[in-house]
Structure formats: structure tokens, C-alpha cells
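Here is my note on the model, as numbered points.

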Amino acid sequence: MTGRARTLIFLAAAGMVIGILRRQNVLSVMSLSVLVWIFVEWLVFSWRVHFQLPALRCSRTVNGRAERDGVLWAGRTATIQVTTTSRSRNVMPMLMVAEILPENLKLTDGQSTGHVFDAVTSLQFQYRCEVLAPGKIVFTGYFIRYQDLHALFVVERFIDCRQTFRVLPAYADIREGHPVIKRINSLPQHGIHRLQRAGMGSELLELREYVPGDPPKSIAWKVSARRDVLMTRQYETEVPVRVQLFVDNSIGTQLGGFGSRLIDQMTFVAGTVARSSISVGDPVGMVTFDDSGFSWIPAVGGERGFYRILDALTEAATLTKPPVQSLTIRLQNAAWLVCSKRYPELLHPVINQTPFTWLPVLPWNRHARHRRTQLASIFGQIYELPPPEVIQLVHDDLQMGTYCQRLLHESGWAWIDPVVSGRERGFHHCLGKLPPLSQALTRVVARAKDHEVYVILADLLDCAQQLDALIPALRLAIAKHHRVVVICPSPIFERPVEAFGANSLELPELLREAERIRVTALAGQLKRAIRRLGATVSFSGEQNAVRLILSEVSLARTGRTAAVGAR
Amino acid sequence: MDTTTRTSDSLPLMLTYVVIMAFSGMFFLFTVLSWTNAGILQQIMFTLVLVLTLYRWTGAVVLFWIQASLFFVEPATPGAVSGMGIVILSAAMVILLLCINRFRAIAAIHHHAVHALLEFLSVSRSAPNSGESGQSLSSLPRQILPGMVRVFLSVGAAALLLAMIPEKPDAPAVAALQPWGLRAIQVGLVITCLAVAIATPVGILMWRRISAPQAATYLRSVALQGIHRDLRMVVRRRLKLRRRIQKRTKKKS
């Protein structure tokens with residue numbers, strides 16, 4: 001019953017009593033009519049809620065497809081059409097159907113809510129949204145609000161309509177073209193590059209004096225006759241250039257809003273580099289690592305290999321389990337908000353009863369305790385918890401925080417406040433991943449062939465002063481003549497700049513400047529440490545990082561150590 | 001029947017309710033407020049109250065205004081309720097209340113309902129044969145009539161109930177109460193008994209149709225009410241022990 005109905009009932013009852021006592025027939029009849037009318041409306045509403053509302057069905061098509069599983073792409077737009085029908089004859093009026101949009105989707109066109117004002121056979125509405133980040137999107141269902149025609153009674157329900165989508169990462173389609181004019185003896189086959197070292201290629205590298213053991217067919221007779229000394233032709237090597245991507249999958253890279261996380265930057269760069277390399281036939285391998293270990297995809301090529309890489313990047317970007325944190329008011333309120341949308345029928349005070357306690361005494365504290373007890377009861381129902389654990393949720397902030405986080409995580413909330421506190425990202429997240437990265441790098445180098453490019457996409461800023469676990473592996477890779485590029489996505493999403501200048505004295509601006517100074521200092525230390533080893537390091541944004549990596553790859557293809565100079 | 005409902009389909013409906021509100025309001029003005037020599041100011045204020053319900057106020061304000069007007073204006077009429085005039089007047093007032101509530105319910109979904117209505121009026125005047133309005137106009141009676149029928153049934157039932165319980169002249173001797181006092185108690189008791197008699201089986205039927213998660217949640221909460229004190233004591237002791245262990249660990253480190 002809404003406040004409007006309660007007010008009308010109170011006024012009507014008062015008017016009826018006063019009218020009878022004062023013998024005012026019109027007043028009494030009119031007031032009693034209002035009471036009877038509200039009662040009749042309640043009967044009709046109750047019948048509809050318990051007989052027609054359960055017959056509602058919702059279905060959804062995403063980009064024209066209605067399957068339970070599918071694939072979407074980050075950075076692209078999806079068109080979603082919702083149809084609501086009823087197994088009874090009509091969809092009754094004053095119904096609101098609202099899509100519970102995951103946070104990874106941003107509404108761009110249309111509305112994700114439909115309203116019914118008149119009895120219709122079906123309700124259809126359509127909207128478009130942009131997918132922000134790779135990972136997983138789960139459409140859970142629809143929040144239904146049904147009220148009678150006069151807004152005297154309202155009921156809220158949830159209709160389950162689950163669809164799960166894997167979101168593949170976005171990438172820039174940079175395909176390097178093959179030369180169409182023949183400038184050399186023969187065009188190398190797809191995936192093979194000229195390397196200016198002695199080998200069995202088809203292009204001449206140099207002429208040298210004959211040494212015993214050289215094959216007779218390699219003797220250059222005309223040159224030998226001119227010089228009066230036997231000269232041997234030395235040909236270039238033709239090798240494939242393998243690119244190995246190391247993608248940091250640790251907790252620190254997954255903090256932030258969808259589309260603004262470090263992992264989103266890294267997956268974009270990795271996907272673009274993979275696309276570019278595979279387009280010219282270079283195999284690409286990938287290692288994803290975090291605190292617990294690493295997983296390795298050996299170098300693969302072709303379209304199938306590219307999509308395997310994309311699948312691995314999607315797995316890396318899919319949120320696993322947030323770091324545990326204690327309960328905060330905001331976290332609890334967020335969990336309550338989600339429950340009010342996804343489990344509204346379980347919040348009814350008759351269904352979800354709370355035991356009476358003498359404490360707390362103050363009304364607002366009692367209200368907060370009542371809400372927390374109801375939330376604990378809902379968690380007990382959703383996650384099938386035993387009774388002692390339900391009671392523990394009421395009194396244990398850590399346990400309640402864990403379950404609130406779990407609910408928000410399963411509802412597709414990003415790892416920002418209140419799911420994860422803003423100060424959770426710290427150095428302790430960095431140190432744990434260095435040993436797995438080092439192990440992975442060492443193993444890849446051990447099985448590598450010549451001239452590979454290792455691209456390390458990792459958040460190493462906070463462990464710039466403690467790189468001891470990583471440096472031996474980097475030294476080994478460089479000693480084996482592989483090229484190493486370290487790309488550090490910037491947590492402030494800008495290049496660390498030297499100049500300090502806060503535009504105002506506002507606290508958020510000062511905090512931002514303080515963070516910028518800290519990041520700049522750490523970036524300088526990291527740069528010095530890694531460049532000393534002979535590797536390339538950059539804190540670029542997405543396009544700059546891609547450009548840097550592709551230039552390193554092209555250098556590896558030519559066998560040069562620097563971009564300048566030509567043979 | 002249309003398969004898709006559009007927001008603009010509600011504008012003819014809202015306009016219809018505004019027209020009915022206007023007629024009901026004028027009926028009240030020319031009947032109740034003419035019982036006494038109600039000034040122009042009083043009539044203007046009532047009209048203003050009606051107009052303000054289009055923007056913000058709900059039917060409760062209008063109901064209060066009507067009841068206050070009747071309180072001050074209507075003469076006392078001993079005896080049973082009789083005459084169609086009372087029924088028609090009451091029905092008109094309840095219809096006014098119905099239309100206001102319905103208008104506000106639809107306007108709550110439209111953010112700028114009145115502006116949309118005015119725009120709709122200007123558009124429909126220039127293009128009276130637009131497909132959307134034609135489609136909506138044909139369905140208007142189907143949307144409005146059931147509500148009106150319920151109102152007339154409610155008014156009839158209320159009038160019948162009050163007519164069947166007249167004042168008893170021997171109330172002071174029988175119950176040591178004034179006749180109107182006894183009648184108020186009798187009407188209250190009858191209404192309560194009728195409401196309980198109808199609402200109880202309806203409530204039982206509704207309770208038996210709750211969903212499985214609701215039933216499980218209810219059983220859990222009811223079961224916990226009996227044992228929550230003991231479990232709370234156990235949980236609190238465990239938490240106390242955990243905090244003590246954490247303190248000791250911190251001290252050692």
C-alpha cells in the first residue's frame with residue numbers, strides 16, 4: 001500500500017465517522033464510498049498480482065540473437081530488444097519493466113525501461129548500449145514494478161532472464177602491407193623476414209674470402225676472377241619473428257571503472273600488436289601472470305591463433321574475486337540497492353521477518369540493524385548459508401563485507417568504491433607477481449628460437465624500487481639477443497610529467513598532484529633500472545605503446561639494433 | 001489490439017481524465033458550494049486546488065478540501081440515507097478522486113506531463129486524423145469504463161450499507177449512547193467484520209501462492225526467531241575470541 005492510499009484511507013475513515021456523528025449524510029456516504037472503492041481496488045490488484053503477474057515472461061535479443069551465450073566486442077555498440085508477454089491474455093497496465101544493466105554497458109540510445117499504460121498483448125522496447133571493457137557480461141533479468149491504475153498499491157518483482165556474453169577486447173586493426181613491387185630477388189614467404197646475418201636465404205649479405213669447407217656452389221667465380229682470390233657468397237638469413245606478450249593479470253590492474261582499468265589498456269595494446277603481427281605471418285604467444293602463477297600460450301599464427309589470443313585476453317580481463325575488505329556503510333547500501341532490484345519479493349517485512357531485540361535503542365540504529373538483518377537473511381537464502389552463519393553476518397563486519405562484495409561482484413559492479421576501497425591499490429599487490437613473471441620469462445627464453453620480441457605489459461610502478469626478482473630474467477632475455485619492451489600502463493592515464501603545478505588548492509586537485517608526483521618519481525626509477533639492462537620501457541598511453549612495440553618488432557625483423565642507418 | 005505500447009498513447013487518456021475532472025469539479029462547485037452563498041473566492045480557490053493537482057498535488061488534498069467543505073456547508077439530516085441525489089453527488093466526488101489519481105499515476109512516468117499534454121493538444125488540433133490518436137481514442141472507453149463501474153458499485157454499496165443501519169431513537173435507553181454515536185459504532189463494526197470476512201480468505205489464497213524463494217526466506221526467518229538469542233551468544237563469543245587472538249598476534253609482531 002502506498003502513502004497515497006494510506007492518506008486517503010485515513011481521511012475517508014475520519015470523514016465517515018465525523019459525517020455519521022454530525023448526521024451529514026453526503027459526507028458519510030462519500031467517505032464510506034472512498035473506503036469501499038479502495039477496498040475493491042485492493043481486491044482487483046491482489047488478484048492480478050497473484051494470478052496475472054506470475055504469468056509474465058520477458059525475452060531479450062542482443063544484436064538480433066536470443067541465445068543464452070554469445071560474444072560481444074569491447075568498444076562496439078550492441079542493440080538490445082526486449083519483449084514482454086504474458087501467458088494469460090494480456091500484459092496488464094501500469095507495469096514498468098526495467099533492464100538491470102551491468103556496469104560494463106553504457107546506454108547510448110533509447111531507454112532501458114518500458115511502460116505499459118493499457119492492456120496490450122506484448123510490450124517491446126529497444127535500446128543501444130556501448131560495451132566498455134573486455135571480460136564477461138551477465139544479463140540477469142528484469143525488475144518489474146506493477147501498480148494499480150491509481151497508484152494506491154504497488155508491488156515489485158524480478159523476472160529471471162539470464163544471458164551471458166564473453167566480451168572480446170578491442171584492438172586497432174593495423175595490418176602491415178606486403179610489398180607489391182619486386183625490389184629484391186624474391187619476395188619472402190608470409191611470416192618470413194630478412195635478417196642481416198649469415199644464413200641460407202636468397203638475398204646476398206656479403207662476399208668474403210673462401211675458407212676450406214665452404215660449399216663449392218657458393219663460390220662467386222666472377223668476383224674471384226676479378227680479385228684473383230677465391231670469394232664466397234654469404235646469404236642473409238630468413239627467419240620468422242616471434243612476439244611474446246606478457247600480460248599482467250594481477251588484482252591491481254583490475255581496479256577501476258570498466259574502460260578505465262589498467263587491464264583494459266593492456267588488452268587493447270596486446271590485441272593490436274597480435275593483430276598486426278599475425279597479419280604479416282609472425283607467430284604470437286602470450287603469457288598471463290599474477291600473484292598465483294602464470295599460464296602460457298605458445299606462439300600461434302593465423303586467424304584461429306589470433307582468436308585464441310583474444311580469448312586468453314578476455315579470460316585475463318574477467319574479474320575473479322575482489323580483495324576482501326570490511327563492511328562500510330556505502331558497501332552495505334550498495335548491496336541493499338542490488339537486493340531491492342534483484343530480490344524485491346524477499347524484502348517484504350512479512351516474508352523476511354527480523355527477531356525482536358531490545359538493543360539498539362535509537363530509532364535510526366534500529367532501522368540500520370533491521371536492514372542488516374534482512375540483508376543477512378537474503379544472503380542466507382541466495383548462498384544457502386546455515387543459520388549460525390546468517391546470525392554471524394549480522395554481527396561480523398568482515399563476513400558481511402565479504403558477502404556484500406560477492407553480491408556486487410556477481411551483479412557486474414566494477415572494482416571501485418564501494419566494492420573495493422580506493423586505497424587498496426598498493427605496493428603489496430606488485431611484489432607478489434614478480435616471481436611468476438620472472439619464471440615465465442625464463443621459461444619462454446629457454447624455449448625460444450632466435451630474434452623474439454618480448455612485450456611485458458605490467459603494472460610495475462609500485463615495485464620500481466624492488467625489481468631484484470625480475471632483473472635476472474630480463475638480463476637473460478637480452479643476453480640471448482631478444483628484444484624486450486616493457487610497457488607500464490599509467491594509473492593516472494597520462495604520461496608522467498615533470499612539472500608540478502596544481503591549478504587550485506582544492507583537496508582532490510592536491511591529491512591528484514601528489515599522486516602525479518609519486519608516479520613520476522617511480523616512473524623515473526623504473527626507467528633507469530630497465531634501460532640500464534638494454535630494454536625499452538615506456539609509460540605511454542595506448543596508441544603510443546602500440547607504435548613503440550611495432551617499431552621494435554620491425555627492428556627485430558631487420559636484425560638492426562637501432563632504427564637509424566641503412567645498408 | 002496493438003502489440004506495442006508507446007508513451008505518447010497515454011496523452012489522449014490523460015486528456016480524457018482532465019475533462020472528466022473538470023466536469024466533476026464543476027458539478028461540485030454548482031451543487032455543494034451553492035448550498036450556501038459561497039463566495040467567488042472560495043470557488044476560485046477550489047478551482048486552483050484542482051488545477052494544482054495537474055502539476056504536483058495528489059487526490060488527498062482535494063478529498064480533504066471536499067470533506068472540509070461538506071463539514072462546514074452540509075446541514076445535519078437526521079434519519080436514514082435516502083435519495084439518488086446523495087448517491088450521484090458521492091459518485092461524482094469519487095470519480096473526481098479517481099481521475100486525479102489516475103492522472104497523477106500516468107504523469108509520474110512522464111516527466112513533463114502537462115507540457116506534453118499541451119503539445120499534444122496543439123498537434124492534434126492541427127492534425128486531427130493522426131494514426132496514433134485514432135488508435136488511442138478507440139481504446140479509451142475500454143480503459144475508463146471498468147473504473148467507473150467500480151466507483152458506482154462502491155458508492156451503491158456504501159449508500160446501501162448506511163441505509164440499512166439507521167439511527168435508533170431508543171439508543172439512549174438501550175445503550176446509554178446518543179443515536180448517532182451508536183450508529184457510528186454499529187457501522188464501524190459492520191465494516192470491520194465485512195472487511196475481515198472478505199480479506200481473510202483472499203489473504204490465505206495469496207499466501208498459498210507465494211513463490212518458493214519467498215517461502216524459504218519466510219521459514220528461515222521464522223525459524224531463526226526462535227533460536228537467534230542462543231546463536232547470537234555463540235557468535236559474539238567467537239568474535240570476541242577472534243579479536244583477542246588478533247590483538248595477541250599484533251602485539252607479538
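**Aromatic pairs and the chain contact**

1. Over all chains, the structure holds 16 aromatic pairs. Rings of Phe, Tyr and Trp (its six-membered ring) pair if their centres lie within 6.5 Å, with planes under 30 degrees apart counted as stacked, over 60 as edge-to-face and the rest as tilted.

2. This is a predicted model, in which local features need pLDDT of at least 70 and side-chain atom pairs count only at pLDDT 80 or more, while totals for chains, interfaces and linings use all residues. Residues are numbered from 1 along each chain as its sequence is written, chains are lettered from A in the order in which they are written, and side-chain values use heavy atoms, with hydrogens and water left out.

3. One of the pairs is A:Trp73 with A:Tyr307: the ring centres are 6.2 Å apart and the planes stand at 75°, so the pair is edge-to-face. A:Trp73 belongs to strand E2 (residues 69–73) of chain A and A:Tyr307 to helix H5 (residues 302–317) of chain A, so the pair ties together parts 234 residues apart in sequence. Helices (H or I, at least four residues) and strands (E, at least two) are DSSP runs, numbered from the N terminus.

4. A:Trp73 is buried at 18% relative accessibility, whereas A:Tyr307 is partly exposed at 35%. Buried means under 20% relative accessible area, exposed over 50%, and partly exposed in between (1.4 Å probe, protein chains only). Ring pairs also join A:Trp73 and A:Tyr307 with A:Tyr171 and A:Phe306 in a cluster.

5. The contact (heavy atoms within 4.5 Å) takes 75 residues from chain A and 86 residues from chain B. About 7,400 Å² is buried between the chains, with 67% given by carbon and sulfur atoms; buried area is the accessible area (1.4 Å probe) that two parts lose on being put together, summed over both.

6. How many salt bridges are there between chain B and chain A? The count is two, where a salt bridge is a side-chain nitrogen of Lys or Arg within 4 Å of a carboxyl oxygen of Asp or Glu. One salt bridge joins the side chains of B:Arg242 and A:Asp396 (2.8 Å, N to O).

7. On the side of chain B that touches chain A, the elements giving two or more residues include helix H3 (59–73) and helix H9 (212–252) of chain B. H9(B) gives the largest share, 18 residues.
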